[in-house]
Amino acid sequence: MAPTARLVAILPCNDLDRSEAFYARLGFSRGPGQEAWQQAYRILSRPDGAQLHLRRAEPGWLPPERNPFGLYLYTEEVAALAAGLRAEIIGGDGPVETVWGTLEFALSDPDGTLVRIGQPVPEKS
């Protein structure tokens with residue numbers, strides 16, 4: 001039986017077009033039928049089923065350099081995404097294998113949201 005529950009982040013953004021373009025580089029795209037309300041809210045998804053909702057931020061929600069939001073994208077495309085985003089990786093190095101067992105790297109989106117991209121590292125035998 002397929003799971004019936006899921007959790008999707010609703011991320012506030014100052015500029016929906018700019019944020020949508022950033023997340024498109026991570027493989028997200030907008031679905032059909034959003035024309036009537038796309039100026040304030042967008043639903044993005046990836047072919048692997050990952051989904052993200054973007055909403056226009058209220059004034060003062062995202063002060064520069066103090067964005068409290070973060071996302072983690074689990075994907076098997078870590079190396080390929082890192083290669084295409086190398087200049088934007090926080091710390092300039094990545095992906096790296098962490099002590100908690102993931103191969104990951106981090107970026108900031110246009111509003112300063114921390115975006116970590118990673119996958120579990122198989123246990124060594």
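**Helix α1 and its surroundings**

Guide: Start with the inward side. In helix α1, residues 16-24, the buried residues are Leu16, Ser19, Glu20, Phe22 and Tyr23. Viewed down the axis of α1, these buried residues fall within an arc of 160 degrees, so they line one face of the helix. The face turned away from that buried side carries the exposed residues Asp17 and Arg18. Look next at the start of α1. There a side-chain oxygen of aspartate 15 comes to within 3.1 Å of the backbone nitrogen of aspartate 17. Bear in mind that this is a predicted model.

Now the core. The largest nonpolar core has 21 residues. Tyr23, Leu26, Leu54, Phe105, Leu107 and Ile117 touch the most other members. At least two residues of this core come from each of β1 (9-13), α1, β4 (51-56), β5 (70-74), α2 (78-84), β7 (102-108) and β8 (114-120).

Setting aside neighbours within four places in sequence, leucine 54 contacts Leu16, Ser19, Glu20 and Tyr23, among others. Leu16, Ser19, Glu20 and Tyr23 are among the buried residues of α1. The other contacts of leucine 54 include Leu11, Cys13, Ala40, Tyr41, Arg42 and Leu44.

Move on to glutamate 104, in strand β7. Its relative accessibility is 3%, so glutamate 104 counts as buried, the cut-off being under 20%. The side chains of glutamate 104 and tyrosine 72 are joined by a polar contact of 2.6 Å. Residues up to four places away in sequence aside, glutamate 104 also touches Pro95, Val96, Thr98, Arg116, Ile117 and Gly118. Of these, Ile117 is one of the core residues that touch the most other members.

Tyrosine 72 takes us to the largest pocket. Tyr72 is among the lining residues that lie nearest the pocket's centre, along with Leu7, Ala9, Ala50 and Gln51. The lining has 15 residues, and the space in the pocket is about 320 Å³. β4 and β5 each supply at least two lining residues. β5 gives the most, with 3 residues.

Finally, the whole chain. It holds 2 helices and 8 strands, in the order β-α-β-β-β-β-α-β-β-β from the N terminus. Its C-alpha atoms fill a box of roughly 55 × 45 × 25 Å along the principal axes. Of the 125 residues, 34% are buried. Among contacts between residues at least 6 apart in sequence, 53% join residues at least 24 apart.

Note on methods
Residues numbered from 1 in each chain as written. Predicted model: local features only at pLDDT ≥ 70, side-chain atom pairs only at ≥ 80, totals over all residues. Heavy atoms only, no water. Buried < 20%, exposed > 50% of the residue type's maximum accessible area, 1.4 Å probe, protein only. Helix = DSSP H or I, 4+ residues; strand = E, 2+ residues; numbered from the N terminus. Arc of directions from axis to C-beta. Polar contact = N/O pair within 3.5 Å; in protein donor to acceptor, adjacent residues only side chain to side chain. Core = buried A, V, L, I, M, F, W, Y, C linked by side-chain atoms within 4.5 Å. Contact = heavy atoms within 4.5 Å. 1 Å grid on protein atoms, 1.4 Å probe; cavity = no way out; pocket = protein on both sides within 12 Å on 5 of 7 lines; lining within 4 Å. Points joined across faces, edges and corners; volume = space filled by probe spheres on them.
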